[in-house]
Amino acid sequence: MPTPHIVRVAGVGCCLEDCIYDHIDFSSPAFHRHRSRSPGDGGLTPGALVLEDDFERFASCPFNAVLGQLTHGVAPVSRNIGGPAIVALIHASQLTAGGSHVSFYGCRADDEAGRFLAERLSTTPVDTTHYRVGAGSATASTVVLSDPTYDGGHGERAFVNTIGASSDFRPEHLDDGFFRADINVYGGTALVPAIHDSLTTLLQRSKSEGSLTVVHTVFDFPNEKRHPGQRWPLGARDDAYPHVDLLIADREEALRMSGCSDVAAALGFFKGRGVGAAIVTNGANPVQLYAESPLFDSLPPTTMPVSQKVGRQLMSGSKGDTTGCGDNFAGGVLASLIMQKNRGTTSFSLLEACSWGIVSGGFACFYYGGTYFERHSGEKLRLLRPYYEEYQQQLKEGEFLIYES
C-alpha cells in the first residue's frame, strides 16, 4: 500500500453570505408578478440566478420592497456560508481531514457580512490565507428564495445575487502556490467576473504546472444577459474546454453551455470539445456522466440513479432545504478524487467519485444552507458513510444504465 500523502487542493471562486428564506410560494401572485418573461430580462426564475441590479431594473423598484412582499416580512430561516467554490471546498476538506490541504482564493469586503464569513470559515478545515479583503463596499451575497413544494415536493430555489467585492478578485491574485497544487478547482466563476473572463489562460497554466483541473459551474447570468437565449461560452471565449479535466454542471447549465436540447447531446458536445470527463446533475433525477481521458478509468456515457436512502428519508419528512446540494455534490466528487489519490491510484474512478457526489448532494437536503458545521473532525464523514455504503449496494443490484451517445 503506497504511503498516503497530503493532497494539495487550491480553489478559486465565490464565497458569499447566503440568506435563505424558506416556504416561498413560487405560484403566488407576488412571485408571478416578478417572474422572468424572456431570457436575460432580470426577472425571477426557479432554479436560476439573477443579479440584484438587473432585477431592480426589471421590477422598477428596490429589491428589498419585493422581498418583503415575497416573505411577508418573515426573517430568513438561515444565514450561512454560500458560494459554489467555498461550499464544495469545505465539504471536501471535511471528508478528507488529515489527507488534504485545501486552500480557498477569493475576496470579501471589510463589512459585517465579510467578518461574519471570515469568522465562520475559521471553524472549517479550509485554509483561508488567500481570502483577501478587497476595496469593494459590500461582501458578495445571495438571497435564496426556497419553495419546498415546487416540482412535486422535490423543492427548488430562485437566487438574487450581489457580486460586490468578488469583482475585486483578479487573475494576478492567484500566486504560484495556487497553480502548483495537485488539484485546481474553478467553482462558479461566473460570479467572479475577472476570473471567469480569464478561464482559458488560467486553465492552461494549471495544466502546464501538472494540476488536475476541475470546473464546476453556476447559472451564468452575466453571459445570459449578454447573449439572451443563446449558447453560453465557458468564460469569455470558447477555447477553455480542452484544458478541463473534469466538468461538473447541472442540466440547465449543460444545455445552455452546449446549445443542445438534451443531456446526451450535451455530453457529446463536451467530449467533442476535449473535456476529459463530465458530470451533469439534474436535481432529484439521475446523473449522467462520461470519462474519456488517461486520468480516468474509461467510462462510456452512463446514467447513475439518485440515492434511495436519501429519497426515503426525504419522503419521511426529514428535510432542511435544497440550497447547496449541487455545491456539496461537487465537493463529494472532489473528496473522492482526494481519497483515490491518497490510495495511490494511477487513474480515477468517476463512478466512485460520482457516488460520493450523489450522497453528498442528497445529504445537503437535511439541513439549511450549503455549509454543514462539524462539531468535531470526521463528523460529516461518519454521517455520510452509511449513505455511501447503501448506495454501493443499490448499484450492485443493477440500478445504473449505460447508453450509447
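How many salt bridges does the structure hold? The structure holds 21 of them, a salt bridge being a side-chain nitrogen of Lys or Arg within 4 Å of a carboxyl oxygen of Asp or Glu.

Before the details, a word on the source. This is a predicted model, in which local features need pLDDT of at least 70 and side-chain atom pairs count only at pLDDT 80 or more, while totals for chains, interfaces and linings use all residues. Residues are numbered from 1 along each chain as its sequence is written, and side-chain values use heavy atoms, with hydrogens and water left out.

Let us begin with R79 and E17. These two residues form a salt bridge whose closest N and O atoms are 2.2 Å apart. The pair links distant parts of the chain, 62 residues apart: R79 belongs to strand 4 (residues 78-82) and E17 to strand 2 (residues 16-21). Helices (H or I, at least four residues) and strands (E, at least two) are DSSP runs, numbered from the N terminus.

The next pair is E352 with R343, where the closest N and O atoms of the salt bridge lie 3.0 Å apart. E352 is buried, with a relative accessible area of 17%, and R343 is partly exposed, at 41%. Elsewhere, salt bridges that share partners join D176, R180, R205 and E209 into one network. R180 is partly exposed at 47%, and D176 is partly exposed at 38%.

I turn now to the helix contact. Where do we find it, and at what angle do the axes cross? The axes of helix 12 (residues 308-315) and helix 15 (residues 379-396) come within 8 Å and cross at roughly 120°. Axes are lines fitted to C-alpha atoms, for helices over the stretch in contact, and angles run from 0 to 180 degrees between N-to-C directions. Helix 12 and helix 15 are therefore oblique to each other, since angles under 35 degrees count as roughly parallel, over 145 as roughly antiparallel, 65 to 115 as roughly perpendicular and the rest as oblique.

How values were computed: Buried means under 20% relative accessible area, exposed over 50%, partly exposed in between (1.4 Å probe, protein chains only).
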